[in-house]
Amino acid sequence: MANKISRRDFLRGSAAGAVSMLATGVLGAPLVHAESSGTYTPGTYSAISKGMESDVKVTMTFDAETITDVQIDVSGETAGIGAEIGDEMVQKILEAQGAELDGVSGASVTSAAIRDAANNCIAQAKGEAVVSTAPAGEGGPGGPGGPGGAAAAEPDDEWRTAPEPITDVAEEFTADVVIVGGGQAGTPAARAAVEAGASVIVIESQTEDAMSFRGGGQIGHINSAFLESKGVPKVDIQEFVTDWQLRTNNRSRCGLIMKYANNSGRCFDWMSDSFTDEEKATWTVRQWPVSENYTQKKSGISTWVGTPTLNGDASPVKRTMEIAREKGADYHFGVTAKQLVKDGDRVTGVIGQDADGNYIKFTANKGVILCGGGFGGNPSMCRDLLIEITDYCSADTSIGGMDDDGSGIKLGYWAGGRLESRPLSSMGGNYVYPCNSPGDPIGTTAALWVNCHGRRYCNEGFGDIVLSAMAGAKEPQGMIYTVFNDTIREDITYQAPGHMALDYANGEDEKLDEIMAGAIEAGDAGYEVTGMGTTMVYAGKDAEELGTRLGFTGDDLQNFINTVARYNELCEKGIDEDFAKDPVLMRPLNGEHIFAYGAEKSFGSMLVTTGGLLTDDNSQVLGEDFEPIPGLFAAGNNCGGRFGFQYSTSIPGESLGFANTQGMLVGEYVAKL
Amino acid sequence: MSSNSAGLRPLHLYLHIPYCKARCDFCSQRVCLDGEPGMRSYCDALVREMEASAADFADYVVTSVAIGGGCPTSLPQEVFEKLVRRMRTLFCVAEDAQITVELPHNGINASWMVLFQRLKVNRLSVFLATGRDAECVLLGLPSRIASAETTLILPQMMHLPDYEAILLTGIPGQTVSGFGVSLRFAVRYHTPEITILPMQPPTGSAWQKKKDSLPPYPSGEETAAMLDYARQHLSEKGYEEYRPGRWARDGFCNQDLLARETEEDYLSFGAGTTSCTEGIIYRTTDDLAAYLAAPDDPAAIYTVTGRRMV
């Protein structure tokens, strides 16, 4: 810097002549270009760029000062045009010792792709930033799968490496229980622990003025006094737990599930105990009362009613935090937990970092409870741990919108905690469409689903929507359509309750009459329905008219016509000989009009992850040897062994209810140690 | 603010992050698509440029900061955090400074929102473009409306004070009713600011390849009808048009935009940016290699292009 002038001095010196130079067109380029040294890091580098018909691959070898070899693969380009120019461009690059050269006449797109990839190789060899004008996502440099791409730049398992211990601590605090994360699991843990007589510290990365409890108010639970007050029947615990284990292929930790089943009602009543009876009287229960057409078990999988819908800003967890703080829980907002402190095998505390970058040590006399949320906001953890989603999605797919950065799970893992086996569970991601969106006009109704070739492909009513929609993941790319009858408002009363199911008990189905009338009137144009995104709903007097309006032609149209006929035949028989859908869900498509809408099959839109560290039945984190780690506990989305490898629920909102309940139980448990 | 701002001159900062995870088909900007090593090198250079400049602006107070690109959230979070923290230590940033981060359609998750809270980012500018999946596909956006919804829900859910949704008119095949769907989608999430921009004719290679198969661009009359509808709908919803195409609810606006209409200085960092201080307008080289080689050498990277006409 010694010989450099300041920005202000430079401008003052330059400005005087600038106006006259502008007039003569001198300016426009930088006054001084930095010269490239021309020194390479010896080695061989490859890059891909998009050509006319294919990916063009360039591989270049460098010594310290020169380009020594160039190989160009244009075999996928147009024969007689781009595919013939590889050798000529190799020669040009070697002669020019660079890639700023003229293209080959008649093959400008392929030439440009070669230049782009060659420049990428040169940049790599120089250790420079790689700048591409080629489209990413199509195999261009830096795009998914391309050299230098974000996915390739960082090993997926890098997050597993523990950081160096932090020693420059600016401040220290001590309590019986230290909780990482003050959300849906951490706050019940804090209140339970403080009510059990323990001193409690909560480390929360959000700032106090902006603190948000994500997850809304749909707290799935069973057997609370609140549900009883609404007339919801009690759920048999044995049946409930057995169903859970069936859903998760027995990969859930049964002891944790049993505790949730036995305590979720008590937890909801406890967390809402500061609301008045008048307030609670205004709360409703989702999909309650159920229709007499509802059957609890479909395809051997059960569903129950047990999801309160709270009014306005009513938030049991927010109220629980206020109570916890009134009773002495010490919340440290704006502090991010960075690593755990260990004394031998025992976890004894947490190092946090405040908003100014200072490190704070929190010592726990009895235990540290990790409640830091999921890892959907951490791309490398997602790639490493969500292997099924990773298989389906492209590397740049955005997932985990509502989720945290996985720091709680990382802390436990670095301290020796054992992760449940991959793939870890998540809400969504593996497959989204059909019917897993509020934008779907008929929600999760198990009507007829057909693929882009007009063929039915699955039991549309298997368990709940999360399970049944998965079948579509393996269908051909393209549209998947939902086909329904003009009796849809009756048909939905046969459905299982679910997050995205139309809540007919509370009037959500009333819009359907308008939609169907709109579709009939719109004819070929279709009727646009706005929900989450937009959907075009079409009507037809028969399968042929409807299929044509959906855009089917040729064999696909005939398939569609045959599929509807076959479906009606099976409905008439009362048995689904093709996919074993529950007979009560076999509703014929025989109205004056039938209807359909579709969307592209879709992956990767995931709310949160719901898998993490393995624990014992008391939520104590297990080590690699499956023995509990002294002093370390996990709850909510830091805890694995709850949902197997696919979030699937018998009651909407079970993740939230589980986080609350597990938090309460582990808070009580650790406080009494 | 780290010191007493009385008597200090207002200053507006812009930090340019020319990185994206993927290129949208219609994008004609020069963006970097490489991975972390490149991003880290670039952000180190940004910090060096700020360090070399800060002393010249010790008698200023920063009243707005815009961080754009590219997609700033394509950076690793710790790199972004380090950049913003360094900016705050180098410049005197007002407590109530408007600090904006530009986001793509699918730009954030809760983890980013927590970081924004900690860094006192208080405004997001979301490039929504459209509220319709079919147009997302046509534009080659990296995600669909479900992801965009998350981007609009999170700021409200996590109490971020201000956020803007940017919509386009002039998308091939766009109809007045289709635009209405997009507009209503954007408004639904209590979005304080709605910006409506005409789509610029794209020149990117991906767009060129498919331009012959595109539906027709909306006519001038159709575009005018879209804007009429916007005027009616947004007025009904309590927005005011404070600049052409810039609609906001009471108390919200893009301060960085307004600053450029004043005599106040704005200082940009990063390759290919424009600054104006003390009436002098100058550009920073868009040659990334040149920028990375000497970000702290004004003579190497700045070109004076004119004087501000007041």
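# Getting to know a two-chain prediction

Me: What is the mean pLDDT of chain B?
Reply: In chain B, 97% of the residues reach 70 or more. The score itself, pLDDT, is the predictor's confidence in each residue, from 0 to 100. The mean for chain B comes out at 89.

Me: How should I read the numbering, and which pLDDT do local features need?
Reply: Residues are numbered from 1 along each chain as its sequence is written, while chains are lettered from A and ligands numbered from 1 in the order in which they are written. This is a predicted model, where totals for chains, interfaces and linings use all residues, side-chain atom pairs count only at pLDDT 80 or more, and local features need a pLDDT of at least 70.

Me: Where in chain B is confidence lowest?
Reply: Helices (H or I, at least four residues) and strands (E, at least two) are DSSP runs, numbered from the N terminus. Confidence in chain B is highest in strand E8 (residues 246-248), with a mean of 97. At the other end, with a mean of 78, sits helix H7 (residues 205-210) of chain B.

Me: And the complex as a whole, what ipTM does the predictor give it?
Reply: There are two scores here. The pTM is 0.76, and the ipTM is 0.74.

Me: How many helices and strands does chain B have, and what is its radius of gyration?
Reply: Chain B comes to 11 helices and 12 strands.

Me: What share of the residues in chain B is buried?
Reply: A residue is buried if 20 or more other C-beta atoms lie within 10 Å of its own, exposed if 12 or fewer, and partly exposed in between, with C-beta atoms placed from the backbone. Of the 310 residues in chain B, the buried share is 57%.

Me: Is B:Asp133 buried or exposed?
Reply: B:Asp133 belongs to helix H4 (residues 133-139) of chain B. Its C-alpha atom is 5.9 Å from that of B:Ile145, 12 residues apart along the chain. Because B:Asp133 has 22 C-beta neighbours inside 10 Å, it counts as buried.

Me: How do H1(B) and H2(B) pack, roughly parallel or roughly antiparallel?
Reply: Two packed helices are described by the angle between their axes and the distance between the axes. For H1(B) (residues 36-54) and H2(B), the angle is about 0 degrees and the axes are 10 Å apart. Axes are lines fitted to C-alpha atoms, for helices over the stretch in contact, and angles run from 0 to 180 degrees between N-to-C directions; under 35 degrees counts as roughly parallel, over 145 as roughly antiparallel, 65 to 115 as roughly perpendicular and the rest as oblique. So H1(B) and H2(B) are roughly parallel.

Me: How many nonpolar residues does the contact of H1(B) with H2(B) have?
Reply: Residues in contact have C-beta atoms, placed from the backbone, within 7 Å; here B:Leu46 and B:Met50 are among those in H1(B), meeting a set in H2(B) that includes B:Leu83 and B:Met87. By class, Ala, Val, Leu, Ile, Met, Phe, Trp, Tyr, Cys and Pro are nonpolar, Asp, Glu, Lys and Arg charged, and the others, Gly among them, polar. The contact has 3 charged residues, no polar ones, and a nonpolar count of 10.

Me: Over in chain A, how many residues of helix H5 are buried?
Reply: Helix H5 (residues 186-195) of chain A is mostly covered. The buried residues of H5(A) pack against several elements, including strand E4 (169-180) and helix H19 (654-671) of chain A. The buried count in H5(A) is 9 of 10.

Me: Which residue follows H5(A) with a positive phi?
Reply: The phi in question is near 100 degrees. The residue is A:Gly197.

Me: Is A:Ser619 buried or exposed?
Reply: A:Ser619 has a positive phi of about 70 degrees although it is not a glycine. You'll find A:Ser619 in the loop between strand E20 (606-609) and strand E21 (620-622) of chain A. With 32 other C-beta atoms within 10 Å, A:Ser619 is buried.

Me: Which peptide bond in chain B is cis, with omega near 20 degrees?
Reply: Look in the loop between strand E2 (60-69) and helix H2 (77-90) of chain B, where B:Gly70 lies. The cis bond runs from B:Gly69 to B:Gly70.

Conventions: Two residues are in contact if their C-beta atoms, placed from the backbone, lie within 7 Å.
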